[in-house]
Amino acid sequence: MALGFDYNEDQLALQRTVRKFTENEIVPVRQYYDETEEFPWPVVRKMQELGIGCMNAPEKYNGMAFDNVTLCMVVEEICKGCLGIAITPLANMLASEPVVYAGTEEQKEWWFTGICNEGQLASYAVTEPGAGSDVANISTSAKKDGDYYILNGTKCFITNARYASKYAVLATLDKSKKHRGQCFFLLDRDWEGISIGKSEKKMGMRCSDTSELILDNVKVHKKYRVGEEGDGFKIAMTAFNSSRPFIAAASVGVATGAFEVARDYAKQRVAFGRPIADFQAIQFMLADMAMEIEAARLLWQKAAWQLDNKHPLEAAQLSAISKCYAADIAMKIATDAVQILGGYGFCRDYPAEKMMRDAKILQIFEGTSQIQRIIIARNLLG
């Protein structure tokens with residue numbers, strides 16, 4: 001199949017719809033939600049009505065009937081408006097990846113009916129206080145008890161946790177086996193033993209919920225185990241390989257938003273008798289921004305294309321490359337946007353400082369930039 005990234009008419013129509021939605025529904029309220037740190041339920045509901053609630057769900061459950069390239073395009077558009085608001089449907093997508101790749105039809109019915117048809121939120125519960133990038137070292141335990149498993153442990157930094165109705169939880173049957181002893185389980189918020197701990201006060205993405213998920217003797221029937229015993233780590237890595245192009249697209253969205261703020265300000269701000277956009281120093285900064293955005297977009301497009309065309313090994317490498325590069329340039333571009341705005345860039349009246357705070361998390365979650373480089377190097381060296 002030929003490699004090409006020209007959007008067709010259906011994709012362009014969807015892009016226009018999502019762009020208009022972002023401009024009308026997200027941009028006007030992003031400062032309010034950033035300041036108040038309220039969970040943006042009204043905007044989340046509107047995104048769900050538009051079909052953005054869980055875009056990677058199978059079409060039979062009202063998921064979007066589009067490929068990864070198209071879904072990443074949508075992610076870029078909404079994240080250009082506000083990463084904090086947009087991360088809620090992205091978290092739904094990540095939490096759903098284990099179900100998409102390894103779930104039974106019964107599990108998909110249970111999971112996606114709630115999320116797609118009832119407007120529920122979901123969380124991907126892997127990270128723990130002692131195991132972030134080191135997924136193989138998780139301590140949350142699953143003890144076999146007849147047809148059930150008893151789960152105990154604490155997950156931290158879990159997006160949507162306080163407001164989620166469904167959880168995809170990675171636990172270990174035998175910690176001594178490291179990654180070979182892990183399993184994914186699907187949990188419902190109403191089950192006995194599930195509670196929410198502290199919510200984090202964050203630098204950026206302030207309106208997104210990031211909380212602890214506490215499991216105290218949670219009884220889970222074996223029908224809610226995803227895949228076979230020992231498949232958990234493999235499923236987690238598959239989920240990350242699939243989701244990293246989405247984070248790369250989100251990074252391009254944030255970078256593009258920051259670039260446009262800086263470009264528009266540079267054309268209006270007058271210093272020494274002319275717009276600062278006339279000065280070569282500013283022109284070079286804007287030119288670098290534009291080049292980096294274009295390169296990052298091409299990387300996520302190629303990674304998503306490889307996923308769509310069933311090239312798993314190439315997709316795994318490009319997923320790491322695209323996520324790492326796009327996250328790094330998002331941070332750089334947001335920082336440069338603040339610099340171009342000068343004193344105003346440091347003030348909350350302009351969105352540049354918010355974009356800079358938001359951008360930092362892109363270099364941290366779903367595998368830090370350093371972890372991505374380790375993955376890339378290992379693939380290069382066989």
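Let me start with contacts along the chain of this predicted model. Take the contacts between residues at least 6 apart in sequence: 75% of them join residues at least 24 apart. Ile293 and Ile329 are 36 residues apart along the chain, and their C-alpha atoms are separated by 7.5 Å. Arg180 and Phe233 are 53 residues apart in sequence, with 7.1 Å from C-alpha to C-alpha.

Now the overall picture. The chain has 11 helices and 10 strands. How does the radius of gyration fit the length? A compact globule of 382 residues would have a value near 21 Å, and the chain has 21 Å, so the two agree. Along the principal axes, the C-alpha atoms fill a box of roughly 80 × 45 × 40 Å. Of the 382 residues, 55% count as buried. The chain exposes about 16,700 Å², and carbon and sulfur atoms supply 52% of that area. On charge, there are 44 positive and 48 negative side chains, and the centres of the two sets lie 3 Å apart.

Is Ile293 buried or exposed? Its relative accessible area is 6%, so Ile293 is buried. Leaving out residues up to four places away in sequence, Ile293 touches Val252, Ala255, Thr256, Phe259, Ile329 and Ile333.

Arg180 is another case. Arg180 lies in the loop between strand S4 (166–172) and strand S5 (182–188). Its relative accessibility is 62%, so Arg180 counts as exposed.

Now the cysteines. A disulfide is a covalent bond between the sulfur atoms of two cysteines. How many disulfides does the model have? The count comes to 0. Cys54 is in no disulfide, and the nearest cysteine sulfur, that of Cys116, is 4.9 Å away. Cys54 counts as buried, at 4% relative accessibility. Cys207 also counts as buried, at 4%.

Last, backbone angles. Most residues other than glycine have a negative phi. Phe272 has a positive phi, near 55°. Glu366 has a positive phi too, near 55°. Where are they? Phe272 is in the loop between strand S9 (270–271) and strand S10 (274–275). Glu366 is in the loop between H10 and helix H11 (369–381). Phe272 is exposed, with a relative accessible area of 80%. Glu366, by contrast, is buried, with a relative accessible area of 14%.

How values were computed:
Residues numbered from 1 in each chain as written. Predicted model: local features only at pLDDT ≥ 70, side-chain atom pairs only at ≥ 80, totals over all residues. Heavy atoms only, no water. Helix = DSSP H or I, 4+ residues; strand = E, 2+ residues; numbered from the N terminus. Rg over C-alpha atoms; globule rule 2.2 N^0.38 Å. Buried < 20%, exposed > 50% of the residue type's maximum accessible area, 1.4 Å probe, protein only. Contact = heavy atoms within 4.5 Å. Areas by Shrake-Rupley, 256 points an atom, 1.4 Å probe, with all protein chains shown as cover. Lys, Arg positive; Asp, Glu negative; His and termini not counted. Charge placed at Lys NZ, Arg CZ, Asp CG, Glu CD. Disulfide = S-S within 2.5 Å.
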